[in-house]
Every structure is written in C-alpha cells, then in structure tokens.
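Hi,

Here is the structure I promised to pass on. Have a look at it first, and then read my notes below.

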Amino acid sequence: MSISLGQLAGAQVEDLETLSDTELIGYLAQIEGLGAQGDPSAKANAKARITAAMARKSGKAVPKSNNLNGETRFLTDKALFENRLSQLDAAFVKKLKNGGLQICDWSFYAVKPIAGVTNVKMFEDGDITGIGQTNVVQGRMFPEDHFLATSLRVLTAVAGDGVADGKSLAFGAPADVVVNGEFKLGQESTVYMEKTSANIFANSNRTDTNIGEVRLEAPKMFYPQRTLRWEFDFAAPAAANTWMRVEIRGVRTMKA
C-alpha cells in the first residue's frame, strides 16, 4: 500500500475524498486481501473511512457515527456495491481497480401479459429482447457483469381493445390479484426471496417512494451468465387484457 493501513485507519474522510474511486476501491481490495493479517480494529476503521469517502464523493454523506458502527443504510447503491468487493473474484476486482470495468446505474426489466393466469415467470430462458419487452437476453445475465439489486418495482396496466402488446401502456399501481399473491426471486437454483408477500408493492398511499417500488433492506448480488428468476403466484386469475411490468433496480458493472 502506498498509504499504510495505519494511515488509512486514522485518515480524515475529507482527505480520502481527494483520491480517485479506483484508488479507493484498490485500497478496499488490498485490505480484504490481508485476510487474518493486520490489526482488526485498524482494518475496520480503514474500511469505514474509505466507504464514507466513496459515499461522500457520490454526493450523499454517511454520518460518521453510523458508518463507524458498520451501518450501511445511508450508503449510495454504488457504495453498497463497493462494500461487497470482498465477495467477488480477485481478477474481477483488479479490472475495476485498473479501470477496465466501471460501475453504473442499471435496471433489468420485463413486460408480459398476465390475463387469465395465476402464475407467471417474468424472466425465462427463451425470452426475446425488445424495446418495451425486456432488456435481458434469453433471461440471462451479461458475461462478466455483476449486478447488485437494491430495489424492486412491480406495475400493471389494462390494455384497451385492439392493443396487442404492452409496449405503449401507461403502467400504474399493481392490481389487487398481484399484491395479494406471493413471489420468489433468485438466480437459477439460488433463491434470494422465497414465498414473499407481494403486498409490499401496494404502496400507493406513500409519497416517499415510487408507486410499486420497494427498497431492499438486504440488497442482493446477481452474478454473470446466470438466468434471472422472478416468479409470481397471483391470488386469482388476472383480468382480461392485463399486463405486468417488473424492474430489478441497482448498479452493475460494464466495460469502461
């Protein structure tokens, strides 16, 4: 380290803000690479200060008292992703550090008809991408890309007579048969949320969030080249001409 562990642990967050994102990510990776070596308290303090610096650089300061206690609820999506670098492959982290990859805002989405059914899989292997339909190729994550899901959104709309698809619909609050049902979310055989009540998307009475959107208290990391799975069981068959739109929002990596 060009800056020692002790110096990082005692550094002022304002001073660390002068470093580039790549440098800060690199220091986090090096601290994680120490494993059991190094003073645990120094490593914890260094990581807390680096995380705070990254959050402040993103425009949302992390209160020192919360950050030093290890809390992440004030962190930006980008900082939440960077906080999980220790979970990722070392070669991937190196590409981030060297600028071969960048972190950007992203949303995976899918739009499907749900009229007359009580179950729907929103991302599937055979899905064909298209504007207003889905941006997930064959339901599968992009090669080498990692995605941290920080919020979910569910919307529905009823099409008028003669409307053959959901591309031009004005989606709004999800229908009762949807929010009174359940869903599970995961990636291939890995389940992140199992038999979860879809009533969490019934938030039309709130003014502090988007209609149908839920911020995840426990963000989920999705990994490259694995199929997304988001399946719903409705309380009753959906009405005629009903369409549903889902979004998995967060940050992903992509080539710089």
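Let me start with a pair of strands. Strand E4 (residues 182–187) and strand E7 (residues 228–233) run antiparallel and are joined by six bridges. Helices (H or I, at least four residues) and strands (E, at least two) are DSSP runs, numbered from the N terminus, and two strands pair if DSSP finds at least two bridges between them. Across this pairing, Lys-184 stands opposite Glu-231 in E7. Both strands belong to an open sheet of four, in the order E2-E7-E4-E5 with antiparallel pairing. At its edges are strand E2 (119–121) and strand E5 (190–197), each pairing on one side only.

A word on what you're looking at: this is a predicted model, so local features need pLDDT of at least 70 and side-chain atom pairs count only at pLDDT 80 or more, while totals for chains, interfaces and linings use all residues. Residues are numbered from 1 along each chain as its sequence is written, and side-chain values use heavy atoms, with hydrogens and water left out.

Overall, the protein chain has eight helices and eight strands. Its C-alpha atoms fill a box of roughly 65 × 35 × 30 Å along the principal axes. Of its 256 residues, 45% count as buried (under 20% relative accessible area; exposed is over 50%, partly exposed in between, with a 1.4 Å probe and protein chains only).

Now the inside. Leaving aside neighbours within four places in sequence, Phe-81 is in contact (heavy atoms within 4.5 Å) with residues including Leu-88, Phe-92, His-146 and Val-251.

Is Thr-242 buried or exposed? Thr-242 is buried, with a relative accessible area of 4%. A polar atom of its side chain lies 2.7 Å from the backbone oxygen of Ala-239. Not counting residues up to four places away in sequence, Thr-242 touches Pro-113, Ile-114, Ala-115, Thr-156, Ala-157 and Val-158.

Cheers

How values were computed
Polar contact = N/O pair within 3.5 Å; in protein donor to acceptor, adjacent residues only side chain to side chain.
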